[in-house]
Amino acid sequence: MLIDYKHANIYQLDGTLVLSDVDFQVNDGEFVYIIGRVGSGKSSLLKTIYQELYIDEAENAQVFDYDLLTLKRKHVPALRRQMGIVFQDFQLLADRTVRKNLHFVLKATGWKDKDDIAQRTEEVLKEVSMTEKADRMPHELSGGEQQRIAIARAILNSPQLIVADEPTANLDAETAKGIMELMQTISEEGTAIVMSTHNTSLLDQYPGTIYKCIDGRLEKMENQEQNNSEQ
């Protein structure tokens, strides 16, 4: 099991309780959706996974082999290196090309050999169908293309888990479909994905395990009946 939360309370940085008594589990290769209204706690839950928010109250709070209740801040970078993170606003480095964005991440995560860095960069660009845009600057790309590069960045180190916060939120329907097909392919290859979304129409097209943030709690949906509820 990659993630195992039992009876966890999740707070914002200002001390506001967002979600209480959270039970949340993610297994290898699983595709997990977090749905709910704006402000319901979706992003806060995701932030605890990569420790931008900390969990202090829980029976259990584990990501990979890390106990989040006792994890020291100096070990957070090591935790994050085992996962990929995708944001809705892409967060690409604006002052360098697509290829150099990816090179930067590999070097920052310990890659030394230039040939290895070049080879891995080309592999992920091919996987997200962006090889021809390798020498473009981020501002020269469409939103969907930028998100593909953000996903390429997330899979550079072949993580067991990708955390994606509303990755299709700023995209039109057709572009969002392409991103979801890419994410599904990555999941089918064995990488678990935890993705927040307000676009519940995706849930029918790309099935997965569904959790819903509602009334300060996290509920696991047993079927697809909630898909048409307003978010």
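The buried residues of H3 are Val98, Asn101, Leu102, His103, Val105 and Leu106, where buried means under 20% relative accessible area, exposed means over 50% and partly exposed lies in between (1.4 Å probe, protein chains only). Helices (H or I, at least four residues) and strands (E, at least two) are DSSP runs, numbered from the N terminus. The cover over the buried residues of H3 includes helix H4 (114-127) and H5. After H3 comes glycine 110, with a positive phi near 105°.

The model is predicted: local features need pLDDT of at least 70, side-chain atom pairs count only at pLDDT 80 or more, and totals for chains, interfaces and linings use all residues. Residues are numbered from 1 along each chain as its sequence is written, and side-chain values use heavy atoms, with hydrogens and water left out. The protein chain has a mean pLDDT of 93, and 96% of its residues reach 70 or more; pLDDT is the predictor's confidence in each residue, from 0 to 100. Over residues 225-231 pLDDT stays under 50, and the model has 15 contacts beyond four places in sequence for them, a contact being heavy atoms within 4.5 Å. Where pLDDT is low, the predicted coordinates should not be read in detail.

Two or more lining residues each come from helix H2 (76-80), strand E6 (83-87), helix H3 (98-108) and helix H5 (143-155). By type, the lining of the largest pocket divides into 12 nonpolar, 5 polar and 3 charged residues. Here Ala, Val, Leu, Ile, Met, Phe, Trp, Tyr, Cys and Pro count as nonpolar, Asp, Glu, Lys and Arg as charged, and the others, Gly among them, as polar.

A pocket is found on a 1 Å grid over the protein atoms alone, as an open set of points where a 1.4 Å probe fits, with protein on both sides within 12 Å along at least five of seven lines; lining residues have an atom within 4 Å of a point. Grid points are joined across faces, edges and corners, and a volume is the space filled by probe spheres set on the points.

The second largest pocket has a volume of about 200 Å³. Gly39, Gly41, Lys42, Ser43 and Ser44 lie nearest its centre, out of 15 lining residues. Helix H1 (residues 42-49) gives the most to this lining, with 4 residues. The lining of the second largest pocket divides into 3 nonpolar, 7 polar and 5 charged residues.

Turning to the sheet, 4 strands form an open, antiparallel arrangement in the order E2-E1-E4-E5. E2 and strand E5 (66-67) are the edge strands, each pairing on one side only; two strands pair if DSSP finds at least two bridges between them. Strand E1 (residues 3-11) and strand E2 (residues 17-26) pair over 6 bridges, and aspartate 4 stands opposite glutamine 25 in E2. These two strands form a hairpin with 5 residues between them, and glycine 15 in the turn has a positive phi of about 95°. Strand E4 (residues 60-63) is joined to E5 by 2 bridges, with glutamine 62 partnered by aspartate 67.

Most residues other than glycine have a negative phi. Histidine 7 is not a glycine, yet has a positive phi of about 50°; this residue is in strand E1 and is partly exposed, with a relative accessible area of 38%. Glutamine 91 has a positive phi near 55°, lies in the loop between E6 and H3 and is partly exposed at 43% relative accessible area.
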